[in-house]
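Thanks for coming, everyone. Let me put the model up, and then I'll walk through it.

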Amino acid sequence: MKNYKIINGVILSFRDDALVTEKKTLYIREGKISFSPFTDSEQYETVDAGHMLVMPGLINMHTHAYMTMMRNYADDVPFQEWLFNRVMPVEDNLPVEAAYWTSMLGFLEMITTGTTCFVDMHMYHRQSALAAKEAGIRAYIGRGLVGEDLFGDGYSRYKQALEEMEEFRSDTMDFILSPHAIYTCSEKLLGQTAEAAREKGMLKQIHLSESVTEVEDCLKNHGKTPVAYLYDMGFLDEKTILAHCVQMRENDMELIRESGASVVTNVASNAKLGNGIAPLCQMKDLGINVCIGTDGAASNNTLNMFREMGLLSLMHKAYARDCLAIPSDYIVKAAVLHASRALKNPAIGNIEEGSAADLVFVDLNAPSLFPNNNIVSSLCYSANGSEVDSVMINGTFVMRKHELLTIDRERVYYEIGKIVNNHL
Ligand SMILES: [Zn+2]
């Protein structure tokens, strides 16, 4: 593995929860960040990061990378119709191998816009993991689980999830148990998943309280909100990641805070599907660990975290009618530091001695960011992702000066074209 000395860059890091930007030299040794210079006997390449911001890679905490082929395929359609009549039939008919390419297109978009790590929920055995390994992107892979019984009708999916973990777990890939939602999983399956997660020391994720229909159905069927339903069955804990949490009722947020679970907000997806706006200000004030996700490309319709950060900040200021509602430094922390906390992985999400070298080089000379009056707020209010010049993951460049080094863009487009022609 190559070592790098990164000079002349402005480094963005978190120190005692505060954002710091400073000129500093980084030494990348065996994939890890260090501040101690190389000795005479060490080999390295010098990287001039002049006029670059070097920041920890963005972490997309909730997505379905394989859904890229459905980008703009079912827009302006009501949520239930979108999910059950448009998205699911395509998923059901897609050949498994196609998901390798549709995931790869997702990684291409993520890397070019500064995402170095993502949490996936997929439907196709091995394909996301295979593609992520090839792309060199850090991944938390989750097989979507549905049905009545984890060891009955859901068993093949659960077995596949464990097989996938066995085959692919590495320095840059981990696995997360992923029951889809309370309306596609029985109470029994949810309880079994929670038990399996505890037994195996694994993280788990679920879509929760995304729509009014979900909440009303749960109140009708169980006499409680989706959050209370999961809380009462002991599903929620600090290794649980809750995607959406838009429709919060009663004391839902207090239950989430008490359990230590993290929330992933997906502002563009929630807005586009007409599901509403999550009460982010209240979650922030309660001290809930809030992270950011894009959701899939069929509901957003991009996997660009810079776009998500900008929207999140602006929409909550507008919603709260308060320009101080969500400051930009909170958004940057949510996109990086909060994510590493939710993933229980302190090796990512910061630039400090010993961290994994997941670095994004942002061109501060880009017209959209110049004249750099406030670098942190520019990441929320000005950046659109095109300013990402280079990306390093675990000490290896996957994009350098806009050139992709692990993904063949032409091949991906060719394969996606075939999939769209045959299956959409
Ligand atoms: Zn989702």
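Start at helix 8: its buried residues pack against helix 7 (226-232), strand 14 (240-244), strand 15 (262-265) and helix 10 (280-286). This is a predicted model: local features need pLDDT of at least 70, side-chain atom pairs count only at pLDDT 80 or more, and totals for chains, interfaces and linings use all residues. Residues are numbered from 1 along each chain as its sequence is written.

Some terms. Helices (H or I, at least four residues) and strands (E, at least two) are DSSP runs, numbered from the N terminus. Buried means 20 or more other C-beta atoms within 10 Å of a residue's own; exposed means 12 or fewer, and partly exposed is in between, with C-beta atoms placed from the backbone. Contact means two such C-beta atoms within 7 Å.

Which residues of helix 8 are buried? Asp252, Met253 and Ile256, in a helix that covers residues 252-259. Seen down the helix axis, they fall within an arc of 95°, so they line one face. That arc is taken over the directions from the axis to the C-beta atoms. Just after helix 8 comes glycine 260, with a positive phi of about 80°.

Now the domains. An automatic or database assignment sets the bounds. Domain 1 is 4-56 + 348-404, and domain 2 is 58-342. Their centres, taken over C-alpha atoms, are 28 Å apart.

Strands pair if DSSP finds at least two bridges between them. Seven strands form an open sheet, order 3-2-7-17-18-19-20, with mixed pairing. Strand 3 (18-23) and strand 20 (403-404) stand at the edges with a single partner each, so one side of each has no neighbour in the sheet. Strand 2 (residues 10-15) runs antiparallel to strand 3, joined by six bridges. Leucine 12 has threonine 21 of strand 3 as its bridge partner.

Last, the core. A nonpolar core is a set of buried Ala, Val, Leu, Ile, Met, Phe, Trp, Tyr and Cys residues joined through C-beta atoms within 7 Å. The largest one has 131 residues; Val54, Phe107, Ile137, Leu242 and Ala335 touch the most other members. Helix 2 (residues 98-112) gives the most, nine residues. Each domain supplies at least three.
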